[in-house]
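Here are my notes for your read-through. Keep the model open beside you and find each part as you go.

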Amino acid sequence: VGHGPKNSALFAALQASLVSDRLGSRSSSSSSFGDQTGAYILSPICGGCTRSNSDRKACFDLVRRKQKKSGENASLVDAAIIIGAEREGCGLCDPAKCLRHYHVDGGQLDNTKSKYWRFDRSSPKFSKPTTFYLQSIPNELRIPPQRFGDIEKYFYERHNYTLQNKLIGMQFLLEYNPGLVVIPPLEKAKLPKEASYLVSLRVTPANNCFEQKVYSELPKDIWKAVYHTGTNHLGLALLDKNYQIIEGYETVIEMDVQLDLQRRTTVGSSLSPTFMDYRIFVLNGRIYLHANGETVHVTQLSLSMSGSDDLERTRYCDSIYIIGEHVPDGDMEKPCRMKSLYGGDKLEVAIGSQFRTIWSGGAYGKNYALFSIPNRTHPNAPDSIYAEIDIFPHHVHQILPDEHITISRQQVFERVWKPGTRKRRNFPIDIVNEREMKTVGNVTENREDIPLPSF
């Protein structure tokens, strides 16, 4: 699955500073950081700072940017000290101030450091590694391998082709960001006997697959066409015990189009997608789909072999969610079948209801971890289900994924509005934003000791 570019960039920057003897304060030597070939490195910059935000900007990005502007002799610690002094609300970015704040004994910069694990040396051992490639995506929508060497020109050509043919979105697709679950017994009974796992994939032109220079040098309109694309499909496939896709049991689905949630757009315009990354979880023996929008949206998934009787009487979603028409609340609670954009020869997919929204993390939350805990006193009762919203501070909320309350459009607006933007909106996704998932209390752990030291 890999690691996010921000975490990778952080480690690379820290390691580069270590190797050049410039990570610590000017009085520190590189030898004080231990074995550089081990599974981790140590830094006086705490893990909390690297994950925190200031005015919706990642603190690490601010520190890294300041280091670059300060010249090649500046260390990350030098930059963190400057940010801590210059930027309002960022005083704790200064490692010394951070330690004095979190340690009652006034921790010292030279003897208290955060641990950053090396992904290539501390990750679990790989078992049966594989690369997922959806055969159902047409070849004409694949980037030809011979174009990898002049990918900038390829992006130009695709963008011009889109404009000339009055199409919406760049005409190529990649699949990545896999999510994986063991198929639960209730679903497995409806599928081929060799099916062991379900994988979800994000299928989109948006990518960061080539060197950063490629993207930074693109003209603004082409850069937006690559990154700010409304084309973000859901890919699903059944895997055997060796993590290989079972032939024919894959599908690519336009979730937002079939649920009438896609924002209206025109040729040549760019906008963020309705949904971005997709993740899947098994909760109480059922598969749930988690999608990132303006926050996190969740619905239940059901799988079946094409042609079986399991979903025969279930209506197709686009016969309920007709573009531009009002859908009664009762109809949004009905399961419906999704049509395949590509594939679907042997696999059918249905959702249990319209998406519900987890608002407990606020607007612009993403990538929550959903998990369940058995009932100790009543073993036969359903598990309690939770969403891990954040890790610093630790914020866990018990959720009821199949229940919701309805909030007003005005309440949605107040939660998502950004200062400086227009004070009105009427997006299709707001139908889902109004369906606030029910929660049961909350658990928020505010750590009083030093911030979590490693990822």
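1. Surface first: the protein chain exposes about 23700 Å², and carbon and sulfur atoms supply 50% of it. Accessible areas here come from the Shrake-Rupley method with a 1.4 Å probe, and for residues only the protein chains shown count as cover.

2. A word on what you're looking at. This is a predicted model, where local features need pLDDT of at least 70 and side-chain atom pairs count only at pLDDT 80 or more, while totals for chains, interfaces and linings use all residues. Residues are numbered from 1 along each chain as its sequence is written, and side-chain values use heavy atoms, with hydrogens and water left out.

3. The overall make-up: you'll find 14 helices and 19 strands in the protein chain. Both are DSSP runs numbered from the N terminus, helices being H or I with at least four residues and strands E with at least two. Of the 455 residues, 43% are buried; that label means under 20% relative accessible area, with exposed over 50% and partly exposed in between (1.4 Å probe, protein chains only). Among contacts with a separation of 6 or more, 66% are between residues 24 or more positions apart, a contact being heavy atoms within 4.5 Å.

4. Now the sheet. Which strands form it, and in what order? Look for five strands in an open sheet, running β5-β6-β7-β8-β13 with antiparallel pairing. β5 (174-182) and β13 (342-343) stand at the edges with a single partner strand each, so one side of each has no neighbour in the sheet. Two strands count as paired if DSSP finds at least two bridges between them. In general, strands of a sheet pair through backbone hydrogen bonds, either parallel or antiparallel.

5. Follow the pairings one by one. Seven bridges join β5 to β6, and Val181 has Leu198 of β6 as its bridge partner. Seven bridges also link β6 with β7 (residues 233-239), where Arg202 is partnered with Leu234. At the other end, two bridges connect β8 (residues 245-253) to β13, with Val252 facing Tyr342 as its bridge partner.

6. Next, a helix pair. α7 (residues 151-164) and α10 (residues 220-227) pack at about 85°, their axes 10 Å apart. The axes are lines fitted to C-alpha atoms over the stretch in contact, with angles from 0 to 180 degrees between N-to-C directions. The two helices are therefore roughly perpendicular, a label for 65 to 115 degrees; under 35 is roughly parallel, over 145 roughly antiparallel and the rest oblique. Phe155, Tyr156 and His159 of α7 meet Asp221, Ile222, Ala225 and Val226 of α10.

7. Also in α7 is Tyr161, which is partly exposed at 36% relative accessible area. Leaving out residues up to four places away in sequence, Tyr161 touches Leu167 and Gln171. The C-alpha atoms of Tyr161 and Gln171 are 8.2 Å apart.

8. How many disulfides does a search of the whole structure find? One, between Cys317 and Cys336, with sulfur atoms 2.1 Å apart; the cut-off is a pair of cysteine sulfur atoms within 2.5 Å. Cys317 lies in the loop between β11 (296-305) and α12 (329-332), and Cys336 in β12 (residues 336-338), 19 residues apart. Both cysteines are buried, and their link is right-handed, with 90° about the S-S bond.
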